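Here's a quick briefing to read with the model open beside you. Take a look at the sequence and structure first, then come back for the notes.

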Amino acid sequence: AKVALKVNREENVRLSQKLPQSGLSIDEYCRKEGIKVTELTPEEKAAFKSRMTEVWGKYREKIGPDLYDFFMEKVKQYSGNN
């Protein structure tokens with residue numbers, strides 16, 4: 001898990017540095033690189049959100065309500081969801 005975390009973070013940094021310089025959006029980059037992106041319908045998103053409620057509740061308990069609520073507010077802010 002530690003190796004996967006390290007590799008994931010390094011790759012995220014590499015990609016975040018590459019994307020702005022390329023002038024491509026994330027969607028354009030994925031298409032160019034042959035990465036398949038699955039778009040969920042509103043119904044599929046609602047079903048996923050419903051099923052995740054229990055999981056998110058466990059994380060809220062584990063990391064504490066302040067950090068969890070802050071994180072979830074940022075998710076809403078950047079995803080355009082209320």
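Which residues make the nonpolar surface patch of about 430 Å²? The patch is built from Val55, Trp56, Tyr59, Phe71 and Val75. Keep in mind that this is a predicted model, where local features need pLDDT of at least 70, side-chain atom pairs count only at pLDDT 80 or more, and totals for chains, interfaces and linings use all residues. Residues are numbered from 1 along each chain as its sequence is written, and side-chain values use heavy atoms, with hydrogens and water left out.

**The patch**

- To join a patch, a residue needs over 30% relative accessible area and no salt bridge; like charges are joined within 9 Å and nonpolar side chains (Val, Leu, Ile, Met, Phe, Trp, Tyr) within 5 Å.
- A salt bridge here is a side-chain nitrogen of Lys or Arg within 4 Å of a carboxyl oxygen of Asp or Glu.
- The areas come from the Shrake-Rupley method with a 1.4 Å probe, and for residues only the protein chains shown count as cover.
- Two helices, α3 (42-63) and α4 (65-79), each put in at least two patch residues, and α3 gives the largest share, with three.
- Helices are DSSP runs (H or I, at least four residues), numbered from the N terminus.

**The aromatic rings**

- Searching the whole structure turns up three aromatic pairs. Rings of Phe, Tyr and Trp (its six-membered ring) pair if their centres lie within 6.5 Å; planes under 30 degrees apart are stacked, over 60 edge-to-face, and the rest tilted.
- One of them is Trp56 with Tyr68, a tilted pair at 6.4 Å centre to centre and 50° between the planes. Trp56 sits in helix α3 and Tyr68 in helix α4, so this pair ties together parts 12 residues apart in sequence.
- Trp56 also forms a tilted pair with Phe71, at 6.5 Å and 40°. Phe71 is in helix α4 and Trp56 in helix α3, so here the parts tied together are 15 residues apart.
- Ring pairs link Trp56, Tyr59, Tyr68 and Phe71 into a cluster.

- Tyr68 counts as buried at 11% relative accessibility (buried is under 20%, exposed over 50%, partly exposed in between; 1.4 Å probe, protein chains only).
- Trp56 is partly exposed at 31%, and so are Phe71 at 43% and Tyr59, also at 43%.

**More on Trp56**

- Leaving out residues up to four places away in sequence, Trp56 touches Tyr68 and Phe71 (contact means heavy atoms within 4.5 Å).
- Trp56 and Ala1 are 55 residues apart in sequence and 20 Å apart in space, C-alpha to C-alpha.
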